[in-house]
Amino acid sequence: MKQFNISLILLVALTGAGCKVSKNVPLPDAVPGAFRSVAPGDSASIGAIPLRTFITDPALLQLIDTALIKNYDMQIALQNIDAAEVLFKQARQGYLPELKAHLTANTSRPSDNSLNGFTLNQFLGTSHIEDYSAGMTAVWEADIWGKIRSRKAAALAGFLQTTEARKALQTQLVAQVAQGYYHLLMLDAQLEIARRNLMLNDSTLVIIKLQAASGQVTSLAVQQAEAQRLTASQLIPQLEEQATLQENALHVLIGTMPQAINRKSRLQALTIPEELHAGFPSTLLSRRPDIKSAELALNAANAKVGEVQANFYPSLVITAGGGINALKASNWFNIPASLFGLVAGGITQPVFQRGQLKANLEIANIEREKTVIAFRQSVLNAVGEVSDELTKVEKLKAQYRAAAERTHVLETASRNANLLFTRGMANYLEVITAQGNLLQSELQLATIKTRQLNAVVELYRSLGGGWN
């Protein structure tokens, strides 16, 4: 009969092990059909392009590779993954029984005037009693209501969240390194423009000094030409300072000591792709690491609700143990006489904790609703970022065309002003003005080109590119 009762308890536990008391909140549908100002078209997205296909500059790739290894934030993210993996492995062991081995030996001497002492002396002829025991005990909680399963699901979601956090950090790090590198190339280009303009100012100043010596112009012309030259001259150390600071900032970002960065690329040699497909917004759900992390947070919140709700219901705990036991050390290993064993099953039901359990469930439900809101916010942010970068790419393309045309016109004007000035058909003010306008236009053109490159990189990141 006892064996029948225990078997019945085990049967009920195993039959109910698949029960689940909590229903998961489905993933909210919060994705538009298309990005703003973009007609639905090709479903392909540049976010799916591998990093080494999207970025081909060897110097930039070397900086990115170094950053992915030595950047301290990236190293912390990897440590977080290791810690989450340990917790997940620990949660997976929840289905296994708690197994403990024990080895005990004790002796006790009761009072001769006590009942135990009188009994020992009368029947065993001894004044003390010994006890030796060795064995193992297993305690197992049947997962009737899915409590352990929910705990395991939450741990898995937490582990996967750390991997998505690493991916998100990598996409951000790739974009930051690329933008820092492009800014450095812009400073190189502007420094070259300033030096070229300084040489042009030097030749102009020489001519004006000769004209002043012959009485063709006054000393005011010399002073204004000298001021124009000093403006270009002052720009050179300013740009050199910014370039050095940018190199130092890049090295700090990639986790190495500040030093010069070897680079052969030139800003104007870099090309902007004519077609940058963004695909459909729905692809962000599978590619953006931050959205995947928000989705996993919802999974973990669902699992937490299931675990908390399971606490309302009875828990079945099975205990089993066995080993050897003897009153004398000489009989300890007298098999099978010294063998012992036990099996017990118990059901516990919370009685007076219902108010606390109800409060815990309400908090878990509120936390789950918060994760739903956070998921929708992450999708909204992602769609907004992509829409912003698509607008930047399109409008900067138009700005660059206008700036390039303006620079071409000012180059022609500067050459004509110099030619007319040498022939006495233009005054020095026209030459200085033309050279100053050309300098500013060329500097602005380099700035717009850099903004274009940054917008392309940000579009790639916002579409989930950079971690593959």
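Which residue lies over the face of tryptophan 467? In this predicted model, local features require pLDDT of at least 70 and side-chain atom pairs pLDDT 80 or more, whereas totals for chains, interfaces and linings use all residues. Residues are numbered from 1 along each chain as its sequence is written, and side-chain values use heavy atoms, with hydrogens and water left out. The residue over tryptophan 467 is lysine 167, at 4.2 Å from the ring centre (NZ of Lys or CZ of Arg within 6 Å of the ring centre and within 35 degrees of the ring normal).

Helices α6 (residues 147–213) and α7 (residues 219–254) pack with their axes 8 Å apart, at an angle of about 160 degrees. The two helices are therefore roughly antiparallel (an angle over 145 degrees). The contact of α6 with α7 comprises 22 nonpolar, ten polar and seven charged residues; Asp, Glu, Lys and Arg count as charged, Ala, Val, Leu, Ile, Met, Phe, Trp, Tyr, Cys and Pro as nonpolar, and the others, Gly among them, as polar.

Leucine 200 is placed in helix α6 and, at 24% relative accessibility, counts as partly exposed (between buried, under 20%, and exposed, over 50%, with a 1.4 Å probe and protein chains only). Its C-alpha atom is separated by 8.1 Å from that of glutamine 435, 235 residues apart along the chain.

Two aromatic pairs are present in the structure (ring centres within 6.5 Å). One of them, phenylalanine 54 with tyrosine 460, is stacked, at 3.9 Å centre to centre and 10 degrees between the planes (stacked: planes under 30 degrees apart). This pair links helix α2 (residues 51–54), which holds phenylalanine 54, to helix α11 (residues 428–462), which holds tyrosine 460, the two residues being 406 residues apart. Tyrosine 460 counts as buried, at 2% relative accessibility.

Notes: Axes fitted to C-alpha atoms, helices over the stretch in contact; angles between N-to-C directions. Helix = DSSP H or I, 4+ residues; strand = E, 2+ residues; numbered from the N terminus. Parallel < 35°, antiparallel > 145°, perpendicular 65-115°, else oblique. Phe/Tyr/Trp six-rings, centres within 6.5 Å; stacked < 30°, edge-to-face > 60°.
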